[in-house]
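I opened this notebook page to keep track of what I looked up in the model, entry by entry. The sequence and structure come first, and my notes follow.

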Amino acid sequence: SPWKPVRLLLSPPAFSTTCALCAKDRRLRQKRAISERQLTRYFVDQRKVRVVGGQGGDGGHSFHSEPRKVFGGPDGGNGGDGGHVIFKADQQMKSLSSVFRFYQGFHGERGGSKNCYGANGAHMYVKVPVGTLVKEDGEVVADLTQHGEEYIAAYGGAGGKGNRFFLSNENRAPKLFTPGEPGQERVLHLELKTTAHAGLVGFPNAGKSSLLRAISRAKPAVAAYPFTTLNPHVGIVHYQDYEQVAVADIPGLIKGAHQNRGLGMAFLKHIERCRFLLYVVDLSVPQPWIQLQDLKYELEAYEKGLSERPCVVIGNKVDLAQSRVNLPLLREQVAERVIALSALTGDNLEELLLHLRELYDTYVKTEQSRGQSPVKW
């Protein structure tokens with residue numbers, strides 16, 4: 001027979017599904033830690049946005065015509081209104097990085113014959129984080145502090161009138177119709193102020209980022225060398241009764257921050273929305289109570305009464321020998337409650353979490369007594 005059997009050589013599979021040692025690892029890989037330098041690409045707290053409302057549709061121009069009805073009269077309908085551009089606060093949004101620099105509303109449709117009105121343009125909703133300030137020419141025009149709160153950034157133009165609108169006893173066959181009006185055009189500045197329950201306030205290298213990593217799942221960048229956090233980070237502390245307390249790691253302040261030294265104003269604006277403050281001081285430095293005095297001075301110079309909010313003093317790095325010497329001295333110098341802990345080893349974190357819940361419960365009761373709804377995460 002001229003046909004000869006051919007042996008097919010198949011390559012062995014890349015991995016085995018039966019052998020436990022050779023099986024492919026299908027476990028979910030953990031996300032890589034994002035460095036502070038990379039986080040600057042994702043967290044945006046300021047954005048300049050140009051918004052233009054949708055243009056209204058033109059009015060219709062037509063005359064009714066059908067058999068045995070020669071002079072049917074005008075039947076051009078009005079044009080549809082243009083759509084608005086609306087900013088809507090959404091608690092799922094945490095940054096302005098997803099907000100574009102230009103938004104155009106949808107246009108209205110032209111009016112049709114047989115007195116048909118043109119369809120209105122759909123509204124364009126732009127989701128922004130809760131705690132977004134909307135400014136125009138340096139003045140605050142909107143403050144979106146609640147989930148679902150809306151602000152009309154640009155109104156759509158009104159639709160034009162069809163020739164049916166101009167029908168009168170004096171003019172039985174009007175040919176006049178008006179075009180649609182253009183939408184409102186504005187240039188707005190969006191500014192995000194972190195809306196968190198508690199704010200970690202302290203000088204650079206006091207251990208705020210390490211503390212936030214210890215009490216929540218937030219992963220701000222930390223290292224063995226001195227550097228300061230560039231952007232705020234928000235961590236969520238979960239309790240057994242499903243309550244969640246948001247803690248913000250405010251970038252480290254420096255002396256003269258209220259005079260905009262360094263990035264002072266950019267840092268201090270995030271503290272305004274915090275309901276209570278957690279002052280983090282380094283117990284290993286000489287006279288740590290001086291740090292607390294300088295921090296309160298910077299807050300008070302930026303906004304009067306800011307340093308008088310409910311607070312607690314956290315003495316960090318208690319695992320060091322010099323910190324144990326400075327701890328009793330710090331408690332003698334300050335009137336506030338001092339919680340000594342170590343964010344590195346996790347010593348005494350339970351006391352901080354319990355006191356944090358007490359501050360949160362007090363805040364909730366105060367807001368409810370005023371008839372206001374507290375911020376929930």
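This is a predicted model: local features need pLDDT of at least 70, side-chain atom pairs count only at pLDDT 80 or more; totals for chains, interfaces and linings use all residues.

Residues are numbered from 1 along each chain as its sequence is written, and side-chain values use heavy atoms, with hydrogens and water left out.

Entry on the hairpin. I found that strands β10 (residues 233–238) and β11 (residues 244–249) run antiparallel and are joined by six bridges, with His 233 standing opposite Asp 249 in β11. Five residues lie between the two strands of this hairpin, and Tyr 242 takes a positive phi near 70° there.

Entry on other positive phi values. I reminded myself that most residues other than glycine have a negative phi. Lys 114, which is not a glycine, has a positive phi near 55°, and I located Lys 114 in the loop between β3 (102–104) and β4 (124–129). Gln 287, also not a glycine, has a positive phi of about 50°, and its place is in the loop between β12 (276–282) and α4 (289–302).

I then looked up accessibility for both, taking buried as under 20% relative accessible area, exposed as over 50% and partly exposed as in between (1.4 Å probe, protein chains only). Lys 114 counts as exposed because its relative accessible area is 65%, while Gln 287 counts as partly exposed because its value is 46%.

Entry on Glu 191. This residue lies in strand β8 (residues 185–192), and it counts as buried because its relative accessibility is 13%. Leaving aside residues up to four places away in sequence, Glu 191 touches several residues, including Asp 45, Leu 96 and Lys 269, where contact means heavy atoms within 4.5 Å.

Entry on cysteines. How many disulfides does the structure hold? I found zero, a disulfide being a pair of cysteine sulfur atoms within 2.5 Å. Cys 274 is buried, at 1% relative accessible area, and Cys 311 counts as buried at 17%.

Technical notes: Helices (H or I, at least four residues) and strands (E, at least two) are DSSP runs, numbered from the N terminus. Two strands pair if DSSP finds at least two bridges between them.
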